[in-house]
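This report walks through a single structure for someone meeting it for the first time. Please keep the sequence and the model in view while reading.

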Amino acid sequence: MMATQLPPKVLEAIKEGLSKVDWEGFDKSKVDALIAEILGKVDAVQLHYLENCVGCAACAPACPYYVVGEEYGPVEKAEHARHMYRKEATILGKLLGPLLNAKKPSKAEHLDMLVELVYRCTNCGACYVNCPFGIDSGALIKGLLAPLVSRAGRIPVLMAVFEAAERKRVFMDIPALRQIWQDVMAKAEQALGKPLPYDKEGADYYLMVNLADAMFYPGAVIGAMRILDKAGVNWTLPKEPLAFRPPIGAVVGFGDSAREVMSFVNESIEKLRPKNVVVLDGGFVYPWMRFQLPKVLGRRPSYKVLHITELVVQLLREGRIKLRRTDDPVTWHDPCQLGRRAGVTKEPVEALRAASSGFRLLPHHGAESYCCGGGGGIGCLSMQMIEMMAKLMGVDSSMLLSGEKEKEFILKTQEAWSIAVKRKIDDVKKSGAKTVVTACPVCMHSIEGGAKLYGLDIKVVHFAEYIAERLE
Ligand code: SF4
Ligand code: SF4
């Protein structure tokens, strides 16, 4: 299918996404205005991060990208936010400028360097838990630098297009994506042997299935339904996904888009009055649903948010489900957003211990777990991903790439990822596990890719699929 055969509203979203992309230009007045706007909104916590780093470098070894190059250490990256902060918001910085390293980007190359640094951070939080002063460099990189570079035009086309498609809710108008959803739902119905309980009001559990869940781990989507069905609880799911992977805007630093998407998601869920919302995605979707949504709404949502790992442990403890225990040599990889950032580290381990006597922890686990190197949008930045998404959308892959400069950036990012992921693969190797269970599409993709790259023969499975296959 040619792009022109796509529905007009999809073409409009693609056009809107593309209009935000500019990998060549530099508009100083626009960049200055963006810096003033972004720094004008920093809160007390971000101020602490900006003001109180002593440069001890205790955070450096924790960072997955520090091994790629010292210039990618947490402080080296976050310092660029401090340069701008000093120049924009401190009297001494305004007066003494370069003497205090107080400066703002003044040419295209500066933006090129900043966008590279933004995509050498997965927002994994490892620097934060290793800093004696509790400084979260990731929050400065992704919270201040990412919106600056994205809004100044240095945004990967793929992300700009999917952000627009999610916000404008046109992703289901792409025929191949709609087909994926319908196929997964048909398979689920077959697995359960009965019609799926779509959009039921007042259910105890609302299974939040996003399109990305159905695309990247259909077995987990079906597995979660089998778990809920087996437990005999009152559950429901959306007839159509509410979002692609909400909120994509947050990954590229488009705060307004993230808030708009989350408000819509919440409104659609609250209409059905479920008691609990069960999330499959242990990447940024979970902390956004659980911690950011109340900030967006200015109140708590009317339901409790549970990750599927939390639900399974609850059902096991209540005796609502039972597992056939095997001796499978299996381990758990903590997705950084679910584990380090949201504190869900014990539940997956408890459930996996119940599923296999061969369960073993990774040498680095829980809050000290090694990041897979693919978060923060890095996992989407490969030529294979661009080609795959272009094929699904029915457009030429050149439409999802602005030109040679962006291509070079993507290739360099992939090269950096291939170094960053090694630490994780070595950790898995040391554990002796043959199956890595996790719960984030990016972690799955990154660990699978890293294992292939470094010749480690393992399977990577989503938690819901692994548990469903062991239901008694
Ligand atoms: S959040 Fe993670 S990737 Fe980003 S700077 Fe900190 S340790 Fe490095
Ligand atoms: S550990 Fe904390 S204080 Fe030390 S360099 Fe890193 S961010 Fe700065």
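This is a predicted model: local features need pLDDT of at least 70, side-chain atom pairs count only at pLDDT 80 or more; totals for chains, interfaces and linings use all residues.

In what follows, Ala, Val, Leu, Ile, Met, Phe, Trp, Tyr, Cys and Pro count as nonpolar, Asp, Glu, Lys and Arg as charged, and the others, Gly among them, as polar. With that grouping, the residues of the shell around ligand 2 divide into eleven nonpolar, two polar and no charged.

Ligand 2 is surrounded by 13 residues, of which the closest are Cys53, Cys56, Cys59, Cys131 and Ile135. Ligand 1 has 17 residues around it, the closest being Cys63, Cys121, Cys124, Cys127 and Gly138. The elements that give two or more residues to the shell around ligand 1 are α4, α7 (126-130) and α8, and α8 gives the most, with three residues. By class, the shell around ligand 1 consists of eleven nonpolar, five polar and one charged residues.

**Helix packing**

Two packed helices are described by the angle between their axes and the distance between the axes.

| Helix pair | Axis distance | Angle |
|---|---|---|
| α4 (residues 74-89) and α8 (residues 137-151) | within 9 Å | roughly 40 degrees |
| α9 (residues 157-167) and α14 (residues 255-271) | 10 Å | about 35 degrees |
| α20 (residues 422-431) and α21 (residues 441-453) | within 9 Å | roughly 80 degrees |

The axes of α20 and α21 cross at roughly 80 degrees, which makes α20 roughly perpendicular to α21. In that pair, Lys422, Lys424 and Ile425 of α20 meet Ile447, Gly450 and Ala451 of α21, and by class the contact has three nonpolar, one polar and two charged residues.

The crossing of α9 and α14 is left-handed. Here Glu163, Glu166 and Arg167 in α9 meet Ser257, Glu260 and Val261 in α14, and the residues of this contact divide into one nonpolar, one polar and four charged.

**Domains**

The domain assignment divides the chain into domain 1 (22-154) and domain 2 (164-322), and the centres of the two domains, taken over C-alpha atoms, are separated by 33 Å. Four residues from domain 1 and four residues from domain 2 take part in the contact between them. On the side of domain 1 that touches domain 2, the residues divide into two nonpolar, one polar and one charged.

**Details of the backbone**

Which two residues does a cis peptide bond join? They are Pro246 and Pro247, and omega is about -15 degrees; Pro247 lies in the loop between β2 (235-236) and α13 (248-252). Asn101 has its place in the loop between α5 (91-96) and α6 (108-118).

Notes
Residues are numbered from 1 along each chain as its sequence is written. Chains are lettered from A and ligands numbered from 1 in the order in which they are written. Axes are lines fitted to C-alpha atoms, for helices over the stretch in contact, and angles run from 0 to 180 degrees between N-to-C directions. Helices (H or I, at least four residues) and strands (E, at least two) are DSSP runs, numbered from the N terminus. Domain bounds come from an automatic or database domain assignment. Two residues are in contact if their C-beta atoms, placed from the backbone, lie within 7 Å. A residue is near a molecule or strand if its C-beta atom, placed from the backbone, lies within 6 Å of it. A crossing is left-handed if the near helix is turned anticlockwise from the far one by less than a right angle, and right-handed if clockwise. Angles under 35 degrees count as roughly parallel, over 145 as roughly antiparallel, 65 to 115 as roughly perpendicular and the rest as oblique.
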